[in-house]
Amino acid sequence: MTHVLDTIPAAQAAGPAAARRPWAGLALPLALLGPSLVFLALFTYWPVAEVVWDATHEVTRRGTRFVGLANFAALFADPTFQRALLNNALYAIGTVVPSLVLALAFALALNGAGRVRALMRAVFFLPVMIPLVAAAALFLFLFLPGIGLIDHHLARLGLNGANWLGDPDLALAAITVLTVWKNAGYYMLFILAGLQAIPDEAKEAALLDGAGPWQRLRYVTLPALRPTFAFVGVIALLNAVTQVDHVFVLTKGGPSDATKLLLFYIYEQAAERYDAGRAAAATVVTLGLLAALTALSLSRSQGPEAAR
Amino acid sequence: MSATSSGPVTREVTPHIARWVVIGLALVWAVPFWWMLVAAFRPAGSGADASLLPSLTPTLANFAEAWASADFPLYFLNSLVICAGILAVQLVTASLAGYVFARLDFPGRGILFALFLVQLMLVPVVLLVPNLKTIAALGLYDTLPGVMAPYCATAFGTFLMRQSFREVPRELEDAAMIDGAGWWARIRLIYLPLTKPALVAFSIVSVTSHWNEFLWPLMVINSPDRRPLTLGLASFTLSAEGMQAWGLIAAGTFLVSLPLLAAFLIFQRRFVNSFLASGIK
């Protein structure tokens, strides 16, 4: 929607003074944008420049010298980093796909009025409202081997439990389960909104044509939800990279690097190994991934309508 | 909500099965919360940590002990200061920038707006290593302002305010201009009062995300007495885990989660709409 009001001339907006001095029209906008721009410069633009500089330089006692891509070569040669990349890819797939499928199922079943539906929507949404560390604190006991909630009840059913967080083959899956539990309700919200935007006539027409539930889902609902899924998918992918708080409480990246995710790796290099070059190179790689992801989503949807 | 959307009048089996599956999943989803409540009110040493049946002799002892063993009131205050501080600055920066992008026309507006939107992708938490250096250089390491600073400019807030300022009838501003109102008076007396829903929506999203934040404060804060709730809960949990004090962990988690959970349950509609607004991109 193009707003007629967007096209008002600068002179009118900034008062008669601007008509005499064309550059005076810039003073007010820049003054009002100033506070935001200062903070953006300090904490969004500058850190990108700094991290690129840090990644391509080595600081020694004799001074700083340019080392080109040496930090990146060392980074990609580090088996722990390779493992972190792989883990994060698995974690992204393992969280995004089930969360979106479940969110769709929740939304389809709970769309509409009624107290029971409202209550169940709230149940699915509650995990979104608690901090990720709080969720991790709860799951610490759920995943506890032997006497924990899951193992205790498995044993009562005569099944063997497992050391969910201590077994390198299971730990990443356990973390993934926690994330799906935490985030599915958030994505459900957007799909519910998307469902309500589908005109009733479309569903009724499909019903009259004798379409069964799966056909209606396949040919009416899912096509209408495509923009919603594109948007929610990007959010879910971003979350898979940027939210690692539960790793700190539950596994600290272990056992044997099984739950080391990119951001946790960066934290470790910076705060525990004090390897600034390595941490910076890993940050640059992560930023590159995020940029590629965003570019992909922008090219597939029409992009934020703000880009006009 | 129309009746047709709450289920067609057919005798199809699939949607019914799906509905029962979702009801089952809702029960599964509620289990961690249910355990938290049951365990938090259970007397310590009853040896039934994994039971989901409420204790017949509920007690507040776990809460008392959690309250006493970690400095939760102080953590609570720190979280409150951080969230309020971030929000106060954000409301100013986002309103000013939103007004500029909604109503002023000047060369380079598109480029500047794109520069703002970059922040949606370069989430501050990914930039934690270089940002920590900046914070240290500014002398803000181990301070609450250091936790707040990277969030003071907000692309999301600017975008949201720009959208809602555009809905305000232009004639109102023109009339005020004729009366000699300056830009600040026009924003304060015309735009802000007419865009309260957007301001509330933004506030809810902002406070929720910063109340729940962990990694960035972990980087910035060193002194135990400056920890926000999330950091306090993490260290409290790790020490209680050593003592196998699961009831204590449940009580601590409950205390930390309660403010936002309660706010959500009371103002559900508002929260849901706010989170939906965060998806307007």
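The legends below describe several close-up views of a predicted model. Local features are reported at pLDDT of at least 70 and side-chain atom pairs count only at pLDDT 80 or more, whereas totals for chains, interfaces and linings use all residues. Residues are numbered from 1 along each chain as its sequence is written, with chains lettered from A and ligands numbered from 1 in the order in which they are written.

**View 1. Chain B has 14 helices and 0 strands.** Helices (H or I, at least four residues) and strands (E, at least two) are DSSP runs, numbered from the N terminus. The radius of gyration of chain B, taken over C-alpha atoms, is 24 Å, well over the 19 Å that the globule rule gives for 281 residues, so chain B is more spread out than a compact globule. The globule rule is 2.2 Å times the number of residues to the power 0.38. Along the principal axes, the C-alpha atoms of chain B fill a box of roughly 75 × 65 × 35 Å.

**View 2. The domain assignment of chain B gives domain 1 (3-59) and domain 2 (68-277).** These bounds come from an automatic or database domain assignment, and the centres of the domains, taken over C-alpha atoms, are separated by 33 Å. In chain B, 6 residues of domain 1 are in contact with 6 residues of domain 2, where contact requires that the C-beta atoms of two residues, placed from the backbone, lie within 7 Å. On the side of domain 1 of chain B that touches domain 2 of chain B, the residues divide into 4 nonpolar, no polar and 2 charged. Here Ala, Val, Leu, Ile, Met, Phe, Trp, Tyr, Cys and Pro count as nonpolar, Asp, Glu, Lys and Arg as charged, and the others, Gly among them, as polar.

**View 3. Helix H7 (residues 155-166) of chain B packs with helix H10 (residues 196-211) of chain B at an angle of about 165°, their axes 9 Å apart.** Axes are lines fitted to C-alpha atoms, for helices over the stretch in contact, and angles run from 0 to 180 degrees between N-to-C directions. H7(B) and H10(B) are therefore roughly antiparallel to each other, given that angles under 35 degrees count as roughly parallel, over 145 as roughly antiparallel, 65 to 115 as roughly perpendicular and the rest as oblique. Gly157(B), Leu160(B), Met161(B) and Ser164(B) in H7(B) meet Ala198(B), Ala201(B) and Phe202(B) in H10(B), and the residues of this contact divide into 5 nonpolar, 2 polar and no charged.

**View 4. H10(B) also packs with helix H14 (residues 268-277) of chain B, at an angle of about 85° and with axes 8 Å apart.** That makes H10(B) roughly perpendicular to H14(B). From H10(B), the contact is made by Val200(B), Ala201(B), Ile204(B) and Val205(B), and from H14(B) by residues including Arg270(B), Phe271(B) and Phe275(B). The residues of the contact of H10(B) with H14(B) divide into 7 nonpolar, 2 polar and 1 charged.

**View 5. The axes of helix H5 (residues 79-110) of chain A and helix H1 (residues 14-40) of chain B come within 9 Å and cross at roughly 115°.** H5(A) and H1(B) are therefore roughly perpendicular to each other. Ala105(A), Phe106(A), Leu108(A), Ala109(A) and Leu110(A) of H5(A) make the contact with Ala18(B), Arg19(B) and Val22(B) of H1(B), and its residues divide into 7 nonpolar, no polar and 1 charged.
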